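Work through the two exercises below with the sequence and the coordinates open beside you, and try each task before reading its solution.

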Amino acid sequence: MKKLKICVYAITKNEEKFAERWYNSMKEADEIYVLDTGSTDNTVKILKNLGVHVTTEKIEPWRFDVARNRSLDLVPKDIDICVCTDLDEVFVSGWRKELENIWDSDTTRLAYNYNWLIEDDTPKVNFYIEKIHNRLDYKWTHPVHEVLEYIGNDREIKKTTNNITVNHFPDKTKSRGSYLPLLELSVNENPNDDRNVHYLGREYMYYGKWNESIDTLIKHLKLPNAIWKDERCASMRFIARCYQQLDRIDEARMWLDKAINEAPYLRDPYVERALLEYRQSNFKEVIKYSLKALEIKEHGKTYINEIFSWDHTIYDLLSIAYFHENDLNKSLYYVNEAIKKNTNNENTQRLIDNKKFIEENLKALQK
């Protein structure tokens, strides 16, 4: 059986602190090619000393798809499998063997585990990513949030595995300031691309452009190809967030109800409705929607899921709401659950103080 030739390729700029760790994760490949887009630190020197093929090229005007395609162009044509990664990503060791086990001559692309946010060695967001592909049948498209487009002549054949995992350790100091203009460019180039219209609406929300966000997300929902219910639900939730910022609470509730109806199998719209009611001090409603969220046990493999739907938040809300409804035993139960689930040090002391306060009130009632 022919031995598969496997190549890792990447783009980078000023990532010297990640370079060696990344290389050690990727060196199971036969070759590693990197396009450096203008580093001013020691990234290039470190990678070259490790034996990585590095080419430097400035991409002007900057586009992620152009940079990805330039980096793919560096990969020799006789490579069987291309593995696209970023320098802040780390493969779990043994990935090459698993890749060789699952790949066959008809495979064009592979989906595998991606842990996007990791705190205290615990993945907070996990989903499938599809950046392993054959050499000749793909190109990158979109100025930002770029995706692989199949350009082969035959049918695309995808496989999925849970035995290959990439962990993402993002550089939180890096700016995402280029994302908004690039998303606007992307939507201008292809106004019917539902994915990037959704991303643009979300980006406007991040920037506090509430009306622009609402208009763009409603446009997303009206697109005929916007059929993924998880993403449609997210657009509705984001619209509700914007209406809350505009102090239009009834409209926010309406959109959260739409989100619940769109994807009743997701926790996220229930939790967001509970959070809205908490801000309005409607504690019976907080309890209602928090308990509905807890009825959902399955945490889907999608980037759409919110961290706050699966951490301590629901239990924290229930503890506070039951306290205000004078059910101190349930309040104590849920604060204990919140403490167990909490991994954010910023919340630790507050939760401990809440527990102490609830216990003091219980003791006072028992006298």
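The model is predicted, so local features need pLDDT of at least 70 and side-chain atom pairs count only at pLDDT 80 or more, while totals for chains, interfaces and linings use all residues. Residues are numbered from 1 along each chain as its sequence is written, and side-chain values use heavy atoms, with hydrogens and water left out.

**Exercise 1.** Describe the secondary structure, extent and burial of the protein chain.

Solution. Begin with the DSSP runs (helices are H or I of at least four residues, strands E of at least two, numbered from the N terminus), which give 14 helices and 10 strands. Next, take the principal axes, along which the C-alpha trace spans about 80 × 40 × 40 Å. Finally, count as buried any residue under 20% relative accessible area and as exposed any over 50%, with partly exposed in between (1.4 Å probe, protein chains only); buried residues then make up 52% of the 367 in the chain.

**Exercise 2.** Determine which residues of helix H14 are buried and where they lie around its axis.

Solution. Then list the buried residues, which are Asn347, Leu351, Ile358 and Leu362. They cover an arc of only 45° around the axis, which puts them on the same side of H14; the arc is that of the directions from the helix axis to the C-beta atoms. The face turned away from this side carries the exposed residues Asn345, Lys356, Lys363 and Ala364.
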